[in-house]
Structure formats: structure tokens, C-alpha cells
Amino acid sequence: MTEQSVRWGILATGGIAAAFTADLVDLPDAEVVAVASRTEESAKAFAERFGVPRAYGDWASLAADEDIDVVYVATPHSAHRAAAGLCLEAGRNVLCEKAFTLNAREAEELVALARGRGSFLMEAMWMYCNPVVRRLKDLVDDGAIGEVRSIQADFGLAGPFPPTHRLRDPQQGGGSLLDLGVYPVSFAHLLLGEPTDVLARAVLSEEGVDLQTGALLSWDSGALASVHCSIIGGTSTTASVTGSQGRIDIPYGFFHTDRFVLHRDGRDPEEFAAGPEDGPRGSLKHEAREVMRALRAGETESPLVPLDGTLAVMRTLDAIRDRVGVRYPGETGKTGETGETGETGETELTPA
């Protein structure tokens, strides 16, 4: 790694990997040097598409590539523990997609591994790196709307998704919560931290994953958050934060927003919008820049997406799944616990 360029490896070749790589190759201080998939054919096709010099047909070869400064893990979340762990064991720094893992136990293992080796690890929660969302958090933290009383956030897709789709597949950590609900839950955590109590209800599929889930999170301060996610109904995908002295409304696509409106008692509404320097809506460049900034600074964690915060989100997601009865292969008892046979909950998957 130099001041001029940070060398990236891409692990997986699905849609989010393509979107992230497309933004990376547009950054002058980033260089994508290698890509890996379960099959050499998929890796080579991806490499040709983006002009990546090396293509590996297995994850281990990418993890062992010492010319890589950081690996972006973009597999289905059921494979995050295995993929990110492999890279950390090999001495690579890692940016891992969300949901960070299947459960908090797996997340704790990755965090312990990274901290034990002094390697950089970050969840790819791009919402936290969005400059407009950061401005919103600063306003809330500075008391622009007084004490936070309630939060509302939702994310739903209309579907329908067939049982064979990854969103319906328990082996791939399917369901609306880990794929979509992680955003509303993370938004609530961003502003209020980890809740003290969780209530939840869900509609489950025949396969045992959640088709839609609603949760009520509460804090000792008296604040409440209502979060909802769905893969059977397209929702407004908006968010709002209500305080003792005002409210902030975020329009459709709150997790990658380019604007919000601040309502304060006795004042006209104020709109805050992204500036030209912030880039287009939906850009993944902000999280990439944060990773590269941290690496150049010698940091092993990002202050924007701290690992303790990621662990707290995973504990909340576990609590919601406990309440609604969603278990993934290998999990027994409480969410994330394994049986006496040494099952880990990891599955051998073909990444997207």
C-alpha cells in the first residue's frame, strides 16, 4: 500500500461485488488487483469485465496474495464467517458486507480474530459513511431536535421471490431481516445505540425464513424505534426521527439518501441535501474511501463503523430472530448457539 494506491482484492462476483468494483475502479487512489470466486470461469469473466489482472478460482489463493492490501468480502452473509476468517487468518485486512455474519457469535469470532492479529476489519455499512447521514447524526447529537423520542424506519421489496431465490433459502441466511432489516436496525443503533429491550413479530415462509418482520426496540431513556422489513411488499423505505423539539424526515431510500428535512418547533422546515463533492446517490465510494483512509492512518477499526457497534447490531438481529423463531442450519437453542457435535453454522455455498 502506498499513499497513491490501495490494492484491493474482491472475493465473490455477484451484483454487489460488481457495483462496488465499478466504484473502486473510478477512484484514482484505489487499484483492484485480484478477484476470486468458487469457479475460475466466474472469476475470469469478472476480471475481464473490470480489467482486473488476476483471477482465482478459489478463495484461498486470493487470501494468500500478498500484493493485496484489503479484501472486500461480498459473498452471501451465510459465508461471511468463512470467507472473512480465511482472509484474516492469512494476514489480509477485510471489508465485509452486511449483514456482517449470520449471528453475533460468528461476528464475535471475526472481531476477536482481527483484533488478535492487529488487522483492519470493517462491516460494509455504507449508510454510516454516507455524508448526508453523517450530517443528520451530527445534528441529532448536537440537540437539533432535542432528546430523541422515537425512530421509524422500513425497507421492503415487493417480490415475489421464488423458494429457490437466495432470499428464501435458509442455507444462505435468507429472509428479510438480515438482508433488508439490517438497515432500519442499524439506523436506530446509529442514533440511540443498543436497545435494552426487543419485541418482534414475523410472517415466516414454508422454508422457515422471515417474509416480513416488525420489531419494537426500546431504550432506558424511554425512546422507542419501530422497524420493519419485507420481501413480500414494497414499502416506502423511509425513516424519521422525532425528538422533544422537532423531527427529521428522510425520503425514499433512507439508507443511501441525498437529502432530509429538518422540522423544528416554531421554524420553517430546512432541507439538507448532498453537495457536488458528495457524488451521486447510491455511491459506494464513501465506504471505500473510509477504508483507505483508515489503512493509511494505521487504524485497525473505523470510527464511522466501529466493530463494537457492529457486534451490537448483530446482537439485536439475534434477539429479533429469537422472538420470531428463525433458525439457520447449524443453530440450536438461542440464536447463534451450536450443538454439541461441533456444528458451526457455516455452510459451503456458491457465492453470488
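## Pairing of strands S1 and S4

Two strands are taken to pair if DSSP finds at least two bridges between them. In this predicted model, strand S1 (residues 6-11) and strand S4 (residues 70-73) run parallel and are joined by four bridges.

S1 and S4 belong to an open sheet of six strands, which has the order S3-S2-S1-S4-S5-S6 and parallel pairing. Its edges are formed by strand S3 (54-56) and strand S6 (121-123), each of which pairs on one side only. From one strand to the next, the twist averages 25 degrees.

Helix H9 (residues 285-296) lies across S1, strand S2 (30-36), S4, strand S5 (93-96) and S6, and the helix runs at about 125 degrees to S1.

Helix H4 (residues 80-89) is largely enclosed by the rest of the structure, because seven of its ten residues are buried, where buried means under 20% relative accessible area. The buried residues of H4 are His80, Arg81, Ala83, Ala84, Gly85, Cys87 and Leu88.

Those buried residues pack against S1, S4, S5 and S6, and also against helix H3 (59-64) and helix H5 (104-117), so that S1 is contacted by H4 and is also among the strands that H9 lies across. After H4 comes Gly91, which has a positive phi, near 95 degrees.

Terms used
Residues numbered from 1 in each chain as written. Predicted model: local features only at pLDDT ≥ 70, side-chain atom pairs only at ≥ 80, totals over all residues. Heavy atoms only, no water. Helix = DSSP H or I, 4+ residues; strand = E, 2+ residues; numbered from the N terminus. Axes fitted to C-alpha atoms, helices over the stretch in contact; angles between N-to-C directions. Contact = heavy atoms within 4.5 Å. Buried < 20%, exposed > 50% of the residue type's maximum accessible area, 1.4 Å probe, protein only.
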